[in-house]
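Dear colleague,

Please find below the structure that I am handing over to you.

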Amino acid sequence: MIVDFKLPHLGENISSADIIKVLVKEGDKIEIDQIIVEIETDKATIEVPSEVSGIIKKVHVKEGTKAKVGEPLISVEVAEEDKSKIDKLEKVSEESTSEQVQLTSQTAHTSAEIENKKAKAESSPLHSEIKEVVKEHTHMPQVIDIPQDIVKTIVPAAPSVRRFAREIGIDITQVRGSGPKGRITIDDVKAYAKLLNEQIQKGGIVPGVQVGISKEPLPDFSKWGEIERLPMSNVRRKTAEHLSYAWNTVPHVTQFDKADISEVEKFRKQYSNKVETAGGKLTVTAILLKVVASALKIFPQFNSSVDMEKNEVIYKKYINIGVAVDTEKGLLVPVIKDVDKKNITQLSIELSEISRKARDKKLSLEEMQGGCFTISNLGGIGGTYFTPIVNTPEVAILGVSKSVFEPVYVDGEFKPRLMLPLSLSYDHRIIDGADAIRFLRWIVNALENPLLIFLEG
C-alpha cells in the first residue's frame, strides 16, 4: 500500500518550516529513522527521520520551498504489516493540526458577525477618537513588527479583526481575547484601544505592552555604490525579533567585575585529561555552570520570571542554564537541564555534546527550551567586557570575556594573576543593583574560593 509521510508537529506556534535539504529521491528504499529532509524553523535546524520503511514513490517537496505541518513530504510504498505503525502516525499528525482546523472553522463561522460589529465600530465616535489619539502621539514608541505569517499562527483572530486593529494603530498581538480559546473580537480590540487611550492621556503605558523604537525608512544605499541583498535566515530573524523584544521590554542594567581564576586554571589543567577521557572538555564555562547553579540557590530572584499582566513573579524550583553558542547560522542557546544535580565532569560532557549539536544543526526544540539563566562566553574570541542582552523571559545573563594576566597586589607585592572579566546584565524590574552586585561578588568569590560552593551553595 502507498502512504504519505507528512511533516510532523514541530512545537508550539510552529505551523511551517523551510526545506533546506532533501536527502532522498524517488525509487530509494528507506528504513525507519532514516533522515529524509533537513528543515529550518524560526528556532532551529532539524533533521526529520522517516517513521515508515519502504520504497519512495514520490517526493512532494523541493529544496528552498516551505512546507506546512501535516503536508506530505514523501509517498512511500510499504508492506501491509506496517499498517498499524502508519495508522498511529496519521493519528498523531491529525492531532497536531486539529486546533488549527478548529480555529479555521471558527473563523468562517463568525466572519459575518465580526463584519457587522466592524461596521458598527467604524461608525462609532470611539473609532475616530482612537485614530486621532494615535495620530497625535506618533512620537511615542511603536510596537515591533511581527511577520504576518507568524501573526496568523499565534494570534487567534479573523482577518477582519486584524484589519480593524491595523486601521486604528493597535498591535493585535498585545490584545487578550475573550472569545472561545482566547479568540480576539472587535470588542476586545476596542477595549484595549480604550485602555491605551486612557494611559496615553495620563502620560503612561499599558502594563505588558511591547514598546520599542519607531521604524525609519532606509535610504537607497545603491546610490553610493554596489550592494547585495540577502534574506535573513529563520534563526537570524528570530534572534533579531527576540532580542529586540527583550531590549525594549526589559530595563537593563549591567554590572562588571573581575575574578582571580589563577587557582581555578591550575585545577582545570590538572584534571582536563581525566575529563577528556570521560568524553568531555573541562572549560571555564563548564566550571561556571556549577558556580552559577549554586548562586541561583542562594539568590532565588535570579531564577525567576516577571508576569506583568498578572503582576506576579514566578520563582522556579529547578535550575536549567542556557549556553550561547556561535554557529554559522547565528546565535543559538541550547539549555542544560538540572545543572545543580550534576557534577562538573557530567556538565563538561553534556556541554561538549550540546555545543557540537548546535554547530552541526542537530539541536531539537526541546534542547533549546526551559532555560532559567544564560551564560555567554566570548573569551575564546577576545575582548574585555560587554553588555549581554537578557534572554527573556529570564531575568539575568552572565557575560564572560577573555582572561588575561594582570599585576595584582598580594601580601605586600605585585604578582601576576589570571583575571577573568565578568559582565552581569539583569532585569531591574525584579533585581535591584545591590542584589546584582552581591550575586556577582558571590560568583567571583566562589571562583577564587571553590569551597564556598560546598559551604553555601
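Two strands are said to pair if DSSP finds at least two bridges between them; helices (H or I, at least four residues) and strands (E, at least two) are DSSP runs, numbered from the N terminus. The model is predicted, so that local features need pLDDT of at least 70 and side-chain atom pairs count only at pLDDT 80 or more, while totals for chains, interfaces and linings use all residues. Residues are numbered from 1 along each chain as its sequence is written, and side-chain values use heavy atoms, with hydrogens and water left out.

Confidence. The average pLDDT (the predictor's confidence in each residue, from 0 to 100) is 81 for the protein, and 78% of the residues score at least 70. Residues 92–112 stay under 50, and the model has 16 contacts for them beyond four places in sequence; contact means heavy atoms within 4.5 Å. Residues 203–213 are likewise below 50 in pLDDT, with 26 contacts beyond near neighbours in sequence.

Strand 4. Strand 2 (residues 16–22) pairs with strand 4 in the antiparallel sense over four bridges, and Glu-38 in strand 4 is the bridge partner of Lys-21. Strand 4 is also joined to strand 5 (residues 45–49) by five bridges, again antiparallel; here Ile-35 stands opposite Pro-49. Strand 4 (residues 35–40) is largely enclosed by the rest of the structure, because five of its six residues are buried. Buried means under 20% relative accessible area, exposed over 50%, and partly exposed in between (1.4 Å probe, protein chains only).

Nonpolar cores. A nonpolar core is a set of buried Ala, Val, Leu, Ile, Met, Phe, Trp, Tyr and Cys residues joined through side-chain atoms within 4.5 Å. The largest one has 53 residues, and Leu-398 and Ile-443 are among those with the most contacts inside it. Helix 8 (residues 284–298) supplies the largest share of this core, ten residues. Apart from it lies another core of 27 residues, including Ile-30 and Val-48.

Ser-305. This residue is found in strand 10 (residues 304–307) and counts as buried because its relative accessibility is 7%. Its C-alpha atom is separated by 5.7 Å from that of Pro-393, 88 residues apart along the chain. The side chain of Ser-305 has a polar atom 2.6 Å from the backbone oxygen of Pro-393, and a polar contact of 2.7 Å joins it to the side chain of Lys-316. A polar contact is a pair of N or O atoms within 3.5 Å; within protein, one must be able to donate a hydrogen and the other to accept it, and residues adjacent in sequence count only if both atoms are side-chain atoms.

Yours sincerely
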